[in-house]
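Please keep the structure in view while reading.

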Amino acid sequence: MAAGLLDAGVGKGDRVALIMSTRPEWTVCDYALQTIGAVTVPLYATASTADASHVLSDCGARMVIVDEAVRAPPAAADAGIAVVATDGFAGAGARSLDDVADAGGRVLAARPSAVADAGATVTADDVSSIVYTSGTTGTPKGCVISHRNVRAMTDQVAGIPGLLSEGESVLLFLPLAHSFARLMQNLAVKVGITIAYCADLRTVPAALVEVRPTIMPSVPRAYELLQRQIAGQVAGTSGVRRVAAEWAIGVGADVERHRQAGRRLPPLLRAEHRIADRIVFSRLRRRVGGRLRLAVSGGAPLSKQVAEYLASVGVTVMEGYGQTEATCASHFNLPGAGHYRFGTVGRALPGVDARLADDGEVQLHGPTVFVGYLGRPDDTRAVMTEDGWLRTGDLGEVDPDGFLRITGRKKDLIVTSGGENVQPLRIEAALTADPLVSQALVLGDRRDYIVALIAVDRAERHRRRLDGAGEVAAVAEVVQGVNAGLAPYERIRRHAVLDREFTEEAGELTPTLKPRRQVCIDRNRDLIERLYSRREST
């Protein structure tokens with residue numbers, strides 16, 4: 001493939017966009033491009049025409065490679081960008097990926113050293129990839145990532161003792177345009193882990209049973225759904241089976257408290273846990289194939305309650321943290337007693353320096369920090385401190401043992417009209433901890449009080465057999481419970497139950513399922529104004 005790309009006129013420094021679902025060809029094209037010094041520009045297969053056109057223009061793409069599920073953006077033809085399709089689906093004028101590979105075979109037959117010669121010119125400080133931010137606010141910016149960045153990121157994680165082993169298997173269903181999924185791809189290739197690709201999220205449950213992976217990277221939403229399914233399965237039982245399940249979950253929770261504290265399990269608790277695993281947990285774990293050893297969550301905050309519940313039934317999820325500007329991960333919880341703590345994103349990875357600024361902002365330094373934003377020197381300067389540390393824009397706290405807890409985003413900070421600072425992320429996480437609440441958006445900047453937009457989980461609503469009035473009452477009860485743990489100025493005075501969830505298709509969520517806050521606000525502006533039209537509390 002690398003030789004075929006050379007034959008097609010792609011050379012060192014040329015930008016090639018990949019707009020494909022999660023499939024082996026993505027990985028092949030990615031490595032083929034980097035082998036010859038070209039630059040991979042990943043785009044989500046779900047990217048809007050406007051976003052795709054912006055990226056192709058902004059990066060100066062020479063070629064775009066698409067699959068049968070994606071048509072090449074009209075901007076490609078308009079700008080004279082070459083189009084290659086995995087299955088020849090992209091329309092007139094497109095070459096197939098097979099044709100490119102066949103041409104590469106002919107190149108290598110005539111000049112066996114063609115790829116090696118091209119690769120010999122690539123240096124550690126050359127650009128490996130330009131990864132565009134998902135753009136929760138504003139226009140996506142291109143993060144320039146060097147080969148040195150990628151190598152440092154991969155080596156740091158692969159070098160953690162006992163974390164990854166040759167011969168394991170990983171199920172990849174996250175978009176490979178996501179830095180988290182791409183890191184897992186690189187780790188698998190480096191360590192010797194089999195990658196199973198799943199292009200359709202709807203088939204993930206079946207893929208888990210078929211592949212039986214030992215490693216699963218995912219975003220919090222998938223774990224939230226898993227937790228709700230398991231809780232629903234337990235709640236749907238009765239008699240002895242329900243008593244046994246609830247006893248087992250209690251034992252599992254006790255075991256997790258010991259493990260997080262780094263304490264040895266008492267002999268009786270160890271024996272009880274073996275019994276609980278045999279009669280309850282082993283059945284529940286079949287939902288994820290039965291062999292899952294390392295479940296990883298990234299891309300957005302994972303609810304502590306969800307993590308604790310899953311761990312109590314034998315599915316321990318390790319949460320990490322990072323951002324594209326740091327080539328993915330900077331912090332990670334590690335398996336093993338005393339090495340992880342739910343509600344945190346773990347300790348800094350080896351080779352990553354982390355600190356908190358005076359205002360609580362998390363700042364990073366090290367070989368994984370990106371080169372800068374493509375063509376945006378002012379934005380690059382703004383995101384770096386004077387002494388060369390990356391400003392993440394996230395606020396955090398570090399406990400005495402070095403575990404980082406993300407408390408919110410600086411740009412999302414709510415300042416009420418009374419001058420109080422409120423972090424919506426923490427309140428939203430408390431709301432969505434209840435299985436009935438699928439999504440929550442907390443608002444109140446420059447307002448007299450806090451309000452919330454709440455979307456209900458339809459499956460949980462059905463399981464509880466709630467009618468309209470019952471749903472309203474149940475949500476109000478959740479809000480009341482959350483308010484009990486908040487300071488008076490943080491409490492939700494009024495809320496509204498939405499008639500649907502926020503979706504990526506509607507442009508309300510990023511591809512990593514984080515809310516585009518301003519879009520959600522704009523779509524519901526009339527409803528929000530009604531929440532502020534009266535002063536009585538809910």
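Strand S18 (residues 390-398) and strand S19 pair in the antiparallel sense over five bridges. In this predicted model, local features need pLDDT of at least 70 and side-chain atom pairs count only at pLDDT 80 or more, while totals for chains, interfaces and linings use all residues. Residues are numbered from 1 along each chain as its sequence is written, and side-chain values use heavy atoms, with hydrogens and water left out.

Strands here are DSSP runs (E, at least two residues), numbered from the N terminus, and two of them pair if DSSP finds at least two bridges between them. Strands of a sheet pair through backbone hydrogen bonds, either parallel or antiparallel.

S18 and S19 belong to an open sheet of four strands, in the order S15-S16-S18-S19, with antiparallel pairing. S15 and S19 (404-409) are its edge strands, each pairing on one side only. S15 and S16 form a hairpin with four residues between them, and Gly360 in the turn has a positive phi of about 95°.

| Strand pair | Bridges | A bridge pair |
|---|---|---|
| S15 (residues 353-356) and S16 (residues 361-365) | four | Leu356 and Val362 |
| S18 (residues 390-398) and S19 | five | Leu395 and Gly408 |

The structure holds zero disulfides, a disulfide being a pair of cysteine sulfur atoms within 2.5 Å. The sulfur of Cys29 is 16 Å from the closest cysteine sulfur, in Cys59, and is therefore too far for a bond. Cys59 is likewise in no disulfide, as the nearest cysteine sulfur, that of Cys143, is 13 Å away.
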